[in-house]
Amino acid sequence: MEHLTIKNNESIRLENIPVYTYYDFYDRVMELHKNKACHCVNYFGFDYDNKLKFICCIADDQERNIHIFSFELTKDKNIQLPSLTVDINAYHIYEREINENFGIQFIGHPWMKHVRYAHNRADTTILMKDHPFIKVTGEEAHEVGVGPIHAGIIEPGHFRFLCQGEEVLHLEIQLGYQHRGIEELYSKKKHLLQRTILSESISGDTTVGHTLAFVQNMEAFYELKVSKRIELLRSMALELERIAIHTGDLSAFCHDLAYQLGSEVFGALRTPIINFFQFWCGNRFAKGLIRTGYNPYPFTPELKERLIKLLDDFEFKFIEMADKTFSLPSVLNRFEKTGIVTKTQTEMIGAVGMAARMAGVKRDIRASHPFAYFKQIPYTPVLLSGGDVYARGMLRNLEVQFSIGYIRSLLEVLETLPEDTTKYDTSLYQKNLPSESFSISLTEGWRGEICHCAVTDKNGELLKYKVKDPSLHNWMALALALRNNEISDFPINNKSFNLSYCGNDL
Amino acid sequence: MFEVFKIWKHQGKQYIPDLTKPVLPTSFFGRPEISSKPCAEGCSACKDICPTHAIKLEPMTLDFGKCVLCNECTRVCTEEKISFTSDYKTATNERSRLIVKEGETHPITINEVLVRKEIRSYFGRSLKLRQVSVGGDNSCEWELGATGNPNFDFGRYGIDFVASPRHADGLVITGPITENMAEALQICYDAIPAPKIIILVGVDAISGGIFAGSDALNRTFLDKYTADLYVPGNPPHPLTFINGVMEMIKLKKGWF
């Protein structure tokens, strides 16, 4: 059996991806997962030549490469395959997605429910309102249903708490309300600019993370190499986005604890960071900043001056407030030992990003599969081991401070890099994508690992654009965190993960 | 306790005293203007590149309710016909006012004739809103949340967001309205006591934005009801929302 490994942001011919039988495919997955450094970053299917083709991408964090392999099936409504989930739980969400899209049954899968009730799902007679929730019975057993609309300015999703008295036995999360048909739109909207705007809208709070994954895929296809300066600015934008959202999240943490001072101060601290984006590119969420092959908004010396000042002022006020928050007994009382997800559980469900690092699992694409300027200046991830709300709050606090330090080292290097000479060039918009090709891009957004895969057909049209937001894995972490916790601790647990509904529903 | 006082002191005054006065940096993409100088012969570059087909030619118009503010039209134009001002007061109650025409430089305003009488008499001193995200990408939601932060503090005028539709006077919609949320949106609207208003926030809600044409959407809700306020932007700045609402209800400040 021949094997293939590629690097992050690499494009290859589709024909070079090994095609196994499902049984060899299964064995290969099992074999790779014996290595602890391996985890699956994407596994998806698409229509190909009147067949169904499934590509699996397993990243090796030690070797810094990605194993790519596939299997094919003839189209048939009644296909049954042995489930990978039985042995490797993290595959549960991929197999659910494949089942929803193509109707394939995975034998042994304990949890075969639709992920998002997509409009183009295989069986449209399966309705969202009939979602097969787990039932709980017993004398004091009861269920609490919340949503889709929640009591706040947040996205919709349905939570069903299975409770014994005040205690939550399990939380079942049913999503799909935000489904906008993004993956299909990638193929429908033919213009590169339209696809870039789509990427910016996958999850508006992770504009830089998702758009970067998209443009890196396109640059891999077009064999474009952007200058070091652009790479640096992209890393900087990604870290600024992380600082802004983490700070906003800490405000939300405090809000849910009714700790007014923390809520207001962190809320106010977020403003100058996103306003910096507005100075730079006109949009507080950095929409418009990341583009394929060039940088539309030069980073002027004036901007640099402003950023240096801003970071100094921000850092002082942030640390002052964070120190106070994380030393208050009334805050710690609610944070500590609340919503624990163990390291073993985290590994089992394949949690990524913050949801992994807060439980001692080192999973950070910036370090393991570096992209943009993380190739030049290595980033050392922050690791905590508690797995509780405290760890998730503290991780944000530390990551904000690390990111400030990282941006400072980027700013130091910036001067040594020559000004970017790449001009705005619309000819790129007319350029065809290479035919029958595959490309993968991984980035580390503030929530965690973002993976985009692109597949083109004979004519260079996008056959499949697969988006994976970190939330796809991490929603299960929230469900596990709630087990044996009081139902009143749900809001603080939910904020501590702050997962994306639209990123999951696409 | 001493530390708390120190934090207060370092934070200083955060609030914007007059929410109608701030000036946004020139880099901000606000109300577009189209100059009346002639286009280059046979050129349709801006129309061709617009990702949401917001631009029409002869005469040239730009639909700000469709514009995702990518700024590509100004880049491809050789004659500098289109420009974006930093004017953030772009919310209006009449959809057609969002369509900016060649040579127009006047601000986008509320059409007084179309404002229902009860809106001002009922909500002029207090307005409680229920926000529903129907496919919103969470950027509009963050910006609406920001209207209550220490900088904007919209709540000072008795205007804020409430948890239950039964406590609300109106519905704020973000996102292109997905099929999977269509029913929940209707239920929420029905639960709000009359008289009630509808505010569409963001380009996705107003026109579908980049999602227009997706089969996963169901925008029939908007065929049934007319919005009382359109707040354009991708996402709109909190000040766009705040000033739009203040104008719509003709906010009465103070006791008289």
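Predicted model: local features only at pLDDT ≥ 70, side-chain atom pairs only at ≥ 80, totals over all residues.
1. Of the 256 residues in chain B, 48% are buried.

2. The secondary structure of chain B consists of nine helices and 10 strands. Its C-alpha trace extends over about 65 × 45 × 35 Å along the principal axes. When contacts in chain B between residues at least 6 apart in sequence are considered, 79% of them join residues at least 24 apart.

3. B:Tyr88 is placed in the loop between strand 4 (82-84) and strand 5 (99-101) of chain B. A residue counts as buried if 20 or more other C-beta atoms lie within 10 Å of its own; B:Tyr88 has 23 within that distance and is therefore buried. Apart from neighbours within four places in sequence, B:Tyr88 is in contact with B:Leu24, B:Phe28, B:Gly30, B:His237, B:Leu239 and B:Thr240. In the case of B:Phe28, the C-alpha atoms of the two residues are 8.4 Å apart, although 60 residues separate B:Tyr88 and B:Phe28 in sequence.

4. The contact between the chains involves 48 residues of chain A and 51 residues of chain B. On the chain A side, the elements giving two or more residues are helix 4 (192-200), helix 7 (260-281) and helix 8 (301-325). Helix 7 of chain A gives the most, with eight residues. By class, this side of chain A has 21 nonpolar, 19 polar and eight charged residues.

5. Chain A contains an open sheet of four strands in the order 9-10-11-15, with antiparallel pairing. Strand 9 (141-146) and strand 15 (485-486) of chain A are at the edges with a single partner strand each, so one side of each has no neighbour in the sheet. Strand 10 (residues 158-164) and strand 11 (residues 167-174) of chain A form an antiparallel pair over seven bridges. Within strand 11 of chain A, A:Ile173 stands opposite A:Phe159. Helix 15 (residues 471-482) of chain A lies across strand 11 and strand 15 of chain A, and runs at about 165 degrees to strand 11.

6. Helix 13 (residues 389-414) and helix 16 (residues 490-497) of chain A pack at an angle of about 35 degrees, and their axes are 9 Å apart. The crossing of helix 13 and helix 16 of chain A is left-handed. From helix 13 of chain A, A:Val389, A:Arg392 and A:Gly393 meet A:Ile492, A:Asn493, A:Ser496 and A:Phe497 in helix 16 of chain A. By class, this contact has three nonpolar, three polar and one charged residues.

Notes
Residues numbered from 1 in each chain as written. Chains lettered and ligands numbered in written order. Contact = placed C-beta atoms within 7 Å. Nonpolar A, V, L, I, M, F, W, Y, C, P; charged D, E, K, R; others polar. Buried ≥ 20, exposed ≤ 12 C-beta atoms within 10 Å, placed from the backbone. Axes fitted to C-alpha atoms, helices over the stretch in contact; angles between N-to-C directions. Left-handed = near helix turned anticlockwise from the far one by under 90°. Pairing = 2+ DSSP bridges.
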